[in-house]
Structures are given as C-alpha cells and as structure tokens.
Amino acid sequence: WAAGKPVVATTCGGPRDFVLPDKDGYLVDPNPGSISWGICKICENFDHARWMGSRARDKALNEFNWANIAHKTQAIYYEQMNLKSAPAFRSKGPLMGAPLASELLGPHRSSMGVLDASVLVTRGLSMLKQLRVLSASLGSDGVLTWMGSEFGQVDSADMPRFGNGEKHMSISYASADNKGLKFKHLDTFDLCLNRTMAALEWLSDPKHTILLADEDRKLLVYARGNCVFAFNFHPSEACFAWKVDVPAGLRLPADLGVALDTERARFGCADDATPSKGSLAGAELTLSLAPRAAVVLAPAKARQRLAADTMLLNEPDEVIEQTSSLMGA
C-alpha cells in the first residue's frame with residue numbers, strides 16, 4: 001500500500017479486518033488457486049488497479065501512521081479505565097485533569113485513618129495546605145476551588161458522559177464527615193483559611209511584595225494587605241530565628257503575630273510539632289518555621305477578631321457535628 005499498489009491478502013489473520021475487496025485489494029483463501037485468482041483480478045483491469053493503489057496509499061498514510069496508532073492505543077486504555085469519551089487534556093504534565101490530592105494522597109488512601117502513622121500521608125497533607133495558602137493569598141478578587149478539593153478528594157471528578165453511562169458526578173463528601181479519616185483535617189483547615197481570609201481581607205490589596213525567595217533554603221516570604229505569608233517548602237529542615245529584611249518603603253504593622261499556622265494538630269500534623277513563630281522589630285522580620293509549614297502573620301487587632309470566631313477554635317470532630325447540625329436544620 002505504501003508503494004501505491006493494491007494487495008492480494010489471505011483471509012487468515014489481520015488483513016481480513018482492513019482490506020476492502022475491490023477497493024484497495026482482494027481477499028483470497030490460503031491456497032494456490034485462490035491466490036492466482038486474486039492476482040488475475042488485479043491484472044485484468046490496470047486502470048482499476050491504479051485506482052485501488054491510490055486508495056491504498058492514502059489508507060496507509062492516514063490509518064497506519066504512528067500518530068493514529070498511538071491514538072487508537074490510547075483509546076483502548078481509556079476504555080479499560082472507564083474514561084471512554086471523556087474529554088482529553090492536551091497540555092503537558094502527568095497530573096493534568098486530576099486533583100493534586102490524587103498524586104499526593106491517592107496511593108496512600110488506605111493509610112488515611114487518624115490512627116495511621118504514615119509519613120507519606122503527613123507529607124501530602126502538609127503540601128496541600130501550603131498550596132491552599134499560596135493560592136488563597138495570591139488570588140485576585142477571590143479564590144475558586146473545585147468541589148472536593150477542600151478536603152483532598154483523591155479521585156478525579158467524572159462528569160456525565162456516554163462512556164460512564166451518564167452517571168452523575170460523584171464527590172466523596174462522606175470522607176470529610178468521617179471522624180476516623182484524616183480528610184477531616186483538610187476540611188477543617190480549609191474552613192479556617194476561608195474565614196481568616198474573609199476577616200483579614202488581604203485580597204483588597206491589589207499587589208504583593210516579595211520579601212524573601214531563597215531557593216537553597218526553600219523559603220518564600222511576601223507581604224500583602226498588612227499581612228505576611230511565610231512558607232518553608234523544605235521537606236525536613238526547619239528554620240529557626242531566620243532574619244528577613246523588610247524593604248524600605250514597605251510599611252508593616254509592628255505587632256505582627258501568627259494568625260494561621262498550617263502545622264497544627266487539628267490540621268493533621270503531629271501533636272509535638274514546634275509552633276511556627278513570626279515577629280517584626282524595626283525593618284527586620286524574624287521567622288521560625290517547621291518543615292513544610294506555612295503561616296499567616298497579622299496585626300494584633302486582626303488576631304483579636306479571629307479569636308472571637310469560635311469556628312476557628314473548633315476541633316475537626318466539632319466542625320463535623322456543627323456542619324451536620326446545620327445541614328439537618
């Protein structure tokens with residue numbers, strides 16, 4: 001076919017599935033008489049043979065190229081994964097279209113119990129909380145999250161489509177309401193982050209100012225709306241009394257203190273974790289951060305307002321009970 005010639009192929013094996021008789025060749029039985037018949041059919045009309053050869057060459061180029069073979073192979077895998085007819089993402093990246101929690105917590109979903117001591121689960125929870133603070137503090141007029149991401153849903157959201165029998169999208173809200181699973185910690189943290197963001201109103205400031213971006217130490221610190229956001233992305237090393245210079249012209253409240261710390265026990269970290277600290281003296285900010293921690297520093301008056309919000313003080317089980325009570329009402 002690639003040479004622009006029609007073929008004579010036997011009905012044994014694959015050719016019978018893609019050779020169209022009298023269109024791009026002939027199918028024959030696997031014996032000399034039948035094969036000779038096919039050859040004679042091609043030779044009896046050369047104009048028709050050339051026409052079949054032209055169709056065969058187009059077929060080879062369009063259907064048997066590697067791009068088409070790869071696409072069909074992908075379709076088979078998608079069908080086996082119950083993703084047939086699901087929209088495909090063409091952007092680069094292995095996680096495109098899947099929640100980040102799928103990568104961080106999905107392989108360890110069997111270790112999400114509150115009594116399970118999984119280092120990988122603890123790592124995943126910490127990273128998800130850090131990224132939630134990052135996105136919430138660098139947003140524009142607001143922050144939009146996909147349903148289920150607030151408590152770390154590990155499964156991709158599957159919209160109704162032909163391939164899944166038009167089933168409605170399933171969100172595992174029961175995971176967040178299960179007192180025996182660590183999803184409740186992420187759900188409680190998300191609630192506290194949203195209420196803290198609403199109270200401190202840092203999004204009202206249209207811009208942020210970078211105070212420190214240390215690639216070697218894995219530290220990031222920036223200011224926005226009278227608040228300071230500090231991140232320690234290092235997986236194992238804490239930073240103690242780290243000094244950060246405040247640039248001239250940037251006015252920060254002198255009574256800054258920790259308003260939100262991602263590495264608290266009720267947010268899913270170890271009970272003995274060292275609390276993060278932050279203070280301002282003149283034009284120098286002093287920070288102490290646990291590994292994979294993020295903190296929000298705010299003025300004293302703002303922290304007082306937050307202290308009056310009882311929801312910010314509740315343990316995850318209390319949040320579940322209050323939420324269930326409100327839903328029941």
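1. Let me start with D317, which counts as partly exposed at 29% relative accessibility. Please keep in mind as you read on that this is a predicted model. The partner of D317 is K184, and the two form a salt bridge whose closest N and O atoms are 2.8 Å apart. D317 belongs to helix α10 (residues 316–328) and K184 to helix α8 (residues 183–200), so this contact ties together parts that are 133 residues apart in sequence. K184 has a relative accessibility of 7% and counts as buried.

2. Helix α8 takes part in another such contact. A salt bridge (2.8 Å, N to O) joins the side chains of D309 and R195. Here R195 is the residue in helix α8, while D309 sits in the loop between α9 (300–307) and α10, so the pair ties together parts that are 114 residues apart in sequence. D309, at 17% relative accessibility, counts as buried because the cut-off for that label is under 20%. R195 is partly exposed, with a relative accessible area of 35%.

3. Which residue does R264 meet in a salt bridge? Its partner is D261, with 3.3 Å from N to O. R264 is partly exposed at a relative accessible area of 26%, whereas D261 counts as buried at 6% relative accessibility. The structure holds 10 salt bridges, and the pairs described so far are among them.

4. Now to the aromatic side chains: a search of the whole structure finds eight aromatic pairs. In one of them, the ring centres of Y26 and W37 are 5.9 Å apart and the planes stand at 75 degrees, so the pair is edge-to-face. Y26 is in strand β2 (residues 25–28) and W37 in helix α2 (residues 32–43), so the contact ties together parts that are 11 residues apart in sequence. Y26 is buried, with a relative accessible area of 6%, but W37 counts as partly exposed at 45% relative accessibility.

5. Are the rings of Y222 and F231 stacked or edge-to-face? Their planes are at 25 degrees and their centres 5.8 Å apart, so the pair is stacked. Both residues, Y222 and F231, are buried. They also belong to one aromatic cluster, formed by W202, Y222, F229, F231 and F233.

6. Strand β10 (residues 293–298) deserves a look in your viewer. Six of its six residues are buried, so the strand is largely enclosed by the rest of the structure. A293, V295 and L297 point one way from β10, while A294, V296 and A298 point the other way, and all are buried. For context, side chains in a regular strand alternate between the two faces of the sheet.

7. Which strands pair with β10? Strand β5 (residues 227–232) runs antiparallel to β10, and five bridges join them. Within this pairing, A230 has V295 of β10 as its bridge partner. Strand β7 (residues 257–261) also pairs with β10 in the antiparallel sense, over four bridges, and there G257 stands opposite A298.

8. Finally, a point about the surface. V8, I35 and I39 make a nonpolar surface patch of about 210 Å². V8 has its place in strand β1 (residues 7–10) and is partly exposed, with a relative accessible area of 30%.

Note on methods:
Residues are numbered from 1 along each chain as its sequence is written. This is a predicted model: local features need pLDDT of at least 70, side-chain atom pairs count only at pLDDT 80 or more; totals for chains, interfaces and linings use all residues. Side-chain values use heavy atoms; hydrogens and water are left out. A salt bridge is a side-chain nitrogen of Lys or Arg within 4 Å of a carboxyl oxygen of Asp or Glu. Helices (H or I, at least four residues) and strands (E, at least two) are DSSP runs, numbered from the N terminus. Buried means under 20% relative accessible area, exposed over 50%, partly exposed in between (1.4 Å probe, protein chains only). Patches are made of residues with over 30% relative accessible area and no salt bridge: like charges are joined within 9 Å, nonpolar side chains (Val, Leu, Ile, Met, Phe, Trp, Tyr) within 5 Å. Accessible areas come from the Shrake-Rupley method with a 1.4 Å probe; for residues, only the protein chains shown count as cover. Rings of Phe, Tyr and Trp (its six-membered ring) pair if their centres lie within 6.5 Å; planes under 30 degrees apart count as stacked, over 60 as edge-to-face and the rest as tilted. Two strands pair if DSSP finds at least two bridges between them.
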